[in-house]
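This briefing is meant to be read alongside the sequence and the 3D view. Please keep both open while going through the points.

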Amino acid sequence: MGKLISLINVTLDGFFDSRYVNANAEFHEFVHTLLADTHTIGFGRGSFELFQQIWPAVLANPESAESQRRMARALNDIDKIAFSTTLKETTWANSRIEIMDAAFIGKMKTGSDKNLLTIGSPGLVGELTRLGVVDEYYFSVQPVMAGGGNSRMFARENLPERQPLQFVDSRSLASGVQILHYRKP
């Protein structure tokens with residue numbers, strides 16, 4: 001049975017905002033390690049629309065850095081779900097729109113030995129956490145105090161109860177990014 005794994009970037013002052021992500025070649029290599037055991041990537045609407053705008057254009061641009069092109073190919077080729085009630089269509093290869101609920105996530109996890117990975121999407125991760133269906137988290141802590149941003153985890157809803165996590169490991173990237181890996185005990 002696969003797991004639901006969340007990869008989300010956060011600034012030191014708690015903002016989940018793509019403007020503050022240091023996504024260089026080393027970070028892309030780390031993401032490839034997660035993608036190797038992933039059957040589908042899940043996104044919230046906002047993150048999906050951002051990725052759908054950026055990554056196909058990188059793939060189409062022969063002048064893009066090789067690490068970006070490799071990431072763009074991987075993201076293009078894998079199955080993707082935009083969890084949304086308002087998004088009407090997608091233009092990105094191998095993508096579809098679904099309504100998110102715990103039963104659907106359960107089917108996704110039991111339907112494969114590989115994982116369902118969410119990238120970014122703080123609203124989606126907050127809801128999945130509230131439902132108790134996230135198995136592992138990778139927090140990519142960015143070396144910046146943003147002073148403000150688009151969202152904070154659980155800005156719209158509170159967790160019904162405390163959810164302790166078990167530390168698995170950490171990884172330091174040359175850029176100063178710290179990747180913290182936790183799982184549900």
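This is a predicted model: local features need pLDDT of at least 70, side-chain atom pairs count only at pLDDT 80 or more; totals for chains, interfaces and linings use all residues.

Where is Asn94 found? Asn94 sits in the loop between S3 and S4.

- The model has an open sheet of 8 strands with mixed pairing, in the order S4-S3-S2-S5-S1-S6-S8-S7.
- Its edge strands are S4 (95-98) and S7 (166-172), and each of them pairs on one side only.
- On average, neighbouring strands of this sheet are turned by 25° against each other, direction ignored.
- Phe83 stands opposite Glu98, a residue of S4.
- Arg171 has Ile179 in S8 as its bridge partner.
- S7 and S8 form a hairpin with 5 residues between the two strands.
- In the turn of that hairpin, Gly176 has a positive phi of about 100°.

- H2 lies across S2, S3, S4 and S5.
- Relative to S2, H2 runs at about 110°.

**H2 against H3**

- Two packed helices are described by the angle between their axes and the distance between the axes.
- For H2 (residues 45-60) and H3 (residues 66-77), the axes come within 8 Å and cross at roughly 120°.
- H2 and H3 are therefore oblique to each other.
- Their crossing, H2 with H3, is left-handed.
- On the H2 side, Phe51, Trp55, Val58 and Leu59 take part in the contact.
- On the H3 side, the residues met are Gln68, Arg69, Met71, Ala72, Arg73, Leu75 and Asn76.
- Sorted by class, the contact of H2 with H3 has 7 nonpolar, 2 polar and 2 charged residues.

**H1 against H3**

- H1 (residues 25-35) and H3 pack at an angle of about 25°, and their axes are 9 Å apart.
- H1 and H3 are therefore roughly parallel to each other.
- The crossing of H1 and H3 is left-handed.
- From H1, the contact residues are Ala25, His28, Glu29, Val31, His32 and Leu35.
- In H3 they meet Ser67, Gln68, Arg70, Met71 and Ala74.
- This contact of H1 with H3 has, by class, 5 nonpolar, 4 polar and 2 charged residues.
- Gln68 and Met71 of H3 are listed in the contact with H2 and also in the contact with H1.

**Leu34 in H1**

- Leu34 is found in helix H1.
- Is Leu34 buried or exposed? Its relative accessibility is 9%, so Leu34 counts as buried; the cut-off for buried is under 20%.
- Leaving aside neighbours within four places in sequence, Leu34 is in contact with Leu7, Leu117 and Tyr138.
- Leu34 and Gly132 are 98 residues apart along the chain, and their C-alpha atoms are separated by 21 Å.

**H5 and its ends**

- In H5 (residues 122-131), the residues Pro122, Leu124, Val125, Gly126, Leu128 and Thr129 are buried.
- Gly132 follows H5 and has a positive phi, near 75°.
- Ser121 is found in the loop between S5 and H5.
- Phi of Ser121 is positive, near 60°, in a residue other than glycine.
- Ser121 has 3% relative accessibility and so counts as buried.

**Asn94 again**

- Asn94 is not a glycine, yet it has a positive phi of about 60°.
- How exposed is Asn94, and what is its relative accessible area? With a relative accessible area of 40%, Asn94 is partly exposed.
- That value lies between the two cut-offs, as buried means under 20% and exposed means over 50%.

Methods:
Residues are numbered from 1 along each chain as its sequence is written. Side-chain values use heavy atoms; hydrogens and water are left out. Axes are lines fitted to C-alpha atoms, for helices over the stretch in contact, and angles run from 0 to 180 degrees between N-to-C directions. Helices (H or I, at least four residues) and strands (E, at least two) are DSSP runs, numbered from the N terminus. Angles under 35 degrees count as roughly parallel, over 145 as roughly antiparallel, 65 to 115 as roughly perpendicular and the rest as oblique. A crossing is left-handed if the near helix is turned anticlockwise from the far one by less than a right angle, and right-handed if clockwise. Contact means heavy atoms within 4.5 Å. Ala, Val, Leu, Ile, Met, Phe, Trp, Tyr, Cys and Pro count as nonpolar, Asp, Glu, Lys and Arg as charged, and the others, Gly among them, as polar. Two strands pair if DSSP finds at least two bridges between them. Buried means under 20% relative accessible area, exposed over 50%, partly exposed in between (1.4 Å probe, protein chains only).
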